[in-house]
Amino acid sequence: MKQYKIIVWGLGNVGRAAIRMIQEKQSLKLVAAVDVDPKKIGRDAGEIFNFPKTGITVTDSIEEAVKLDADVVLDYTPLVRDKKGGFTPSAEDICKVLRAKKNVITTLPIYYSQATTPDLYKMINDTAKENNVSYLPTGLLPGAYASYIPIVLSGLMGRVDKITVQSGEDDQHNYSSWVKVFGYGMDPDKFPQDKLKLGIASYYVSGVYEMGERLGFKFDDMKVDHEWYTAPVDLHPIFGLVKKGTLCGHKFTMSGMVNGEVKASLIYVHKICDDVVKTPAIDNEIHIEGMPKSLDISINGMMPLDESYVTSAAPSVNVIPMVVDGKSGFLQALDLKVVTPLR
C-alpha cells in the first residue's frame with residue numbers, strides 16, 4: 001500500500017479531526033504539524049489533543065515544514081481577509097506552499113474561484129501548474145454538502161429546474177475565535193448586520209455558483225437575505241451568558257437567479273442553544289425540483305455537537321491520493337474520481 005506523507009497546517013478543530021484520521025490510516029503518515037498557538041508549539045501533535053503520540057513536534061514555521069519530504073499540505077489555517085474583505089492574503093499563503101512544490105488541500109472558502117474571484121483562481125492555478133502540483137479546496141461547506149453531494153444526487157433526476165440546500169450549526173460549544181463575528185449576546189440594533197451578511201455570503205456563495213454552473217443555470221443575479229433572531233430566555237453557551245433579547249441566531253439565504261426566478265439556493269443557519277431555542281431550525285435537507293417532480297433528502301448527524309468537525313476534515317483527508325497522483329492546477333472535487341474512505 002502506498003503511503004502518503006502529510007503536513008497539517010493549522011491545529012484547530014478541523015486540524016484535530018485530521019490528526020486523528022491520519023493516525024488511524026495505514027496509507028497516511030504525518031511528517032509535520034504547524035500552528036501559531038504557543039500552548040501547542042514544541043509539543044507532540046497527538047498529545048495536544050489527548051491522542052496517542054505521533055512522534056511529530058508542533059512547529060510554528062510552515063517555511064521550515066515545507067522543506068521536508070511531503071506529498072501534501074492540509075491547510076486548516078483561519079481565513080485571512082484584506083481590508084476590502086477579499087481572500088488575497090490566504091491565497092498568497094497558499095501560493096507560497098505551492099511554490100515549495102507541495103500539493104495543497106484546504107477547507108478555506110477559496111472555492112470555485114473562477115466564478116467568484118477569477119484573479120485569485122488564475123494566481124493559484126498558474127502557480128500550481130508552474131510547480132507541477134495541485135490545489136484542491138474541499139470540506140463540508142463549501143465542499144461536500146454544497147455542492148458535491150447535491151450535484152451527485154441530481155444525477156437521479158431527468159431534469160433539474162431548481163435546487164435548495166439547507167444546513168446550519170449550533171455554536172454553543174464552539175470555542176473558535178471566529179464565533180464572535182456573529183455577535184451572540186449583543187444588542188441587535190448595535191450589531192453590524194450588513195457587514196456580517198456580506199462576509200458570510202463571500203464565504204459560502206461559491207457553492208451556489210458551482211451548483212448553478214454544474215446544472216447549466218446562467219445566473220444573472222445573486223440575491224442574499226439575512227434574518228437575525230434574539231434569545232427568548234437567558235442562554236448559556238460555552239463562551240458565557242447570552243441574555244434574553246440579545247442576538248442568538250442568524251439565517252442566511254444565498255440564491256442564484258435567472259430572469260427573476262430562484263434556481264439554486266443555500267440556506268445556512270448559525271445559532272446557539274438549539275436544544276433550548278428551536279427557531280430558526282437547523283435542517284440538513286436537500287430539495288431538488290424537476291423530473292420527477294421533486295427529490296428530498298435529509299441527512300441526520302452530519303454535524304454532531306461533540307465531533308462537528310469530522311465531516312469537514314474527512315473530505316479533505318480522503319481525497320489525498322487523487323490530488324497527489326492527479327493532474328496539476330486548481331482542481332474541483334466533482335472533476336475527480338468518487339471520494340471514498342481511505343484505509
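A salt bridge is taken here as a side-chain nitrogen of Lys or Arg within 4 Å of a carboxyl oxygen of Asp or Glu. In this predicted model, the side chains of Asp335 and Arg214 meet that criterion, with an N to O distance of 2.9 Å, and the count of salt bridges between domain 1 and domain 2 is one. Across the interface of the two domains, seven residue pairs are found in polar contact, while the residues on the side of domain 1 that touches domain 2 divide into nine nonpolar, four polar and two charged.

The domain assignment of the protein gives domain 1 as residues 4-139 together with 308-335, and domain 2 as residues 148-298. The C-alpha centres of these domains lie 26 Å apart, and 15 residues of domain 1 are in contact with 17 residues of domain 2. Between them, domain 1 and domain 2 bury about 1400 Å², of which 55% is on carbon and sulfur atoms. In domain 1, the residues that lose the most area to domain 2 are Tyr111, Tyr112 and Leu334, which together account for 41% of what that side buries.

Turning to strand pairing, strand E6 (residues 159-170) pairs with strand E10 (residues 285-291) in the antiparallel sense over seven bridges, and within this pairing Gln166 has Glu285 of E10 as its bridge partner. Strand E6 also pairs with strand E9 (residues 261-271), in this case in the parallel sense and over eight bridges, with Val165 standing opposite Leu266 in E9. In a regular strand, the side chains alternate between the two faces of the sheet.

Conventions. Residues are numbered from 1 along each chain as its sequence is written. This is a predicted model: local features need pLDDT of at least 70, side-chain atom pairs count only at pLDDT 80 or more; totals for chains, interfaces and linings use all residues. Side-chain values use heavy atoms; hydrogens and water are left out. Domain bounds come from an automatic or database domain assignment. Contact means heavy atoms within 4.5 Å. Buried area is the accessible area (1.4 Å probe) that two parts lose on being put together, summed over both. A polar contact is a pair of N or O atoms within 3.5 Å; within protein, one must be able to donate a hydrogen and the other to accept it, and residues adjacent in sequence count only if both atoms are side-chain atoms. Ala, Val, Leu, Ile, Met, Phe, Trp, Tyr, Cys and Pro count as nonpolar, Asp, Glu, Lys and Arg as charged, and the others, Gly among them, as polar. Two strands pair if DSSP finds at least two bridges between them. Helices (H or I, at least four residues) and strands (E, at least two) are DSSP runs, numbered from the N terminus.
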